[in-house]
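I opened this notebook page to record what I looked up in the model. The entries follow in the order in which I made them.

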Amino acid sequence: MARERATALLLDFDGVLRRWDPAVAAVVEREYDLSEGVLGEIAMQWGRLQPVLTGQVSHAEWMSSVADALTESVGSPERARAAVEQWQSYRGEVDQEVLAFVREVRAAGVRVGLATNATDLLDADLAALGLVGELDVVVNSSVIGVHKPAPEYFQAACEALATPPARVLFVDDEDWAVRGARSAGLSAHRWGGHADLRYLRAALDY
């Protein structure tokens, strides 16, 4: 049986609508004589990351734990905090072509939601990046207390969009998130870049 056509769009944030320039972290790591990639490696350790993504700790507390883990490598708590603050001052960049697509879709009457595993800094990031008002709903894992790819996350996202899962198209750059969305009954597409926009337009048929 053919799937129902999607009438709402759910987009991942990091890797789809927001891009990160890896050169920024690399500059900080060189300045503080850290090994390449160590800032991200420490921050993304699951035992450190999972609590902040589910709202159990704040973004500030998360970064404080990263600084603590760096202290021995950089020589002092003060230098560790300075390195983390310098790294975190960069909040990424909006993919303008994806944003133009979001505006186009919304102008055609399709509801668009942001579906992200994020911290309590998300609202500030959206404001800093000029994205306030650009989306119909924002589904932040740290607010709802559950993260992608849990079925409860996608259930909450569809409820926020006021659209049944079968009518929602989800776009993410991670396979595990795409698989989770499909298991929850959504249509899902693995983001590979701007060439995918043609497919997404066809899938939404607005």
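I sorted the lining of the largest pocket by class and found 17 nonpolar, eight polar and 13 charged residues. Here Ala, Val, Leu, Ile, Met, Phe, Trp, Tyr, Cys and Pro count as nonpolar, Asp, Glu, Lys and Arg as charged, and the others, Gly among them, as polar. I note that this is a predicted model, in which local features need pLDDT of at least 70 and side-chain atom pairs pLDDT 80 or more, while totals for chains, interfaces and linings use all residues. Residues are numbered from 1 along each chain as its sequence is written, and side-chain values use heavy atoms, without hydrogens and water.

I then listed the 38 lining residues; Asp14, Arg18, Trp20, Met44 and Trp62 lie nearest the centre of the pocket. A pocket is an open set of points on a 1 Å grid over the protein atoms alone, where a 1.4 Å probe fits, with protein on both sides within 12 Å along at least five of seven lines; lining residues have an atom within 4 Å of a point. Among the elements that each supply at least two lining residues are strand S2 (18-19), helix H2 (38-43) and helix H7 (122-128). H1 gives the most, with five residues. Helices (H or I, at least four residues) and strands (E, at least two) are DSSP runs, numbered from the N terminus.

I next examined H1, where Ala25, Ala26, Val28 and Glu29 are buried, that is, under 20% relative accessible area with a 1.4 Å probe, protein chains only. Seen down the helix axis, the buried residues of H1 fall within an arc of 165°, so they line one face; the arc is that of the directions from the axis to the C-beta atoms. These buried residues pack against H2 and H5, contact meaning heavy atoms within 4.5 Å. Just after H1, Asp33 takes a positive phi of about 55°.

Is Leu34 buried or exposed? I counted Leu34 as buried because its relative accessibility is 12%. Leu34 lies in the loop between H1 and H2. Leaving aside residues up to four places away in sequence, Leu34 touches Glu29, Leu39, Leu70, Ser73 and Val74.

Finally, I turned to helix H11 (residues 197-204), in which Leu197, Leu200, Ala203 and Leu204 are buried. They cover an arc of only 120° around the axis, which puts them on the same side of H11. Their cover includes strand S1 (8-11) and helix H6 (96-107). Asp205 follows H11 with a positive phi, near 50°.

How values were computed: Buried < 20%, exposed > 50% of the residue type's maximum accessible area, 1.4 Å probe, protein only.
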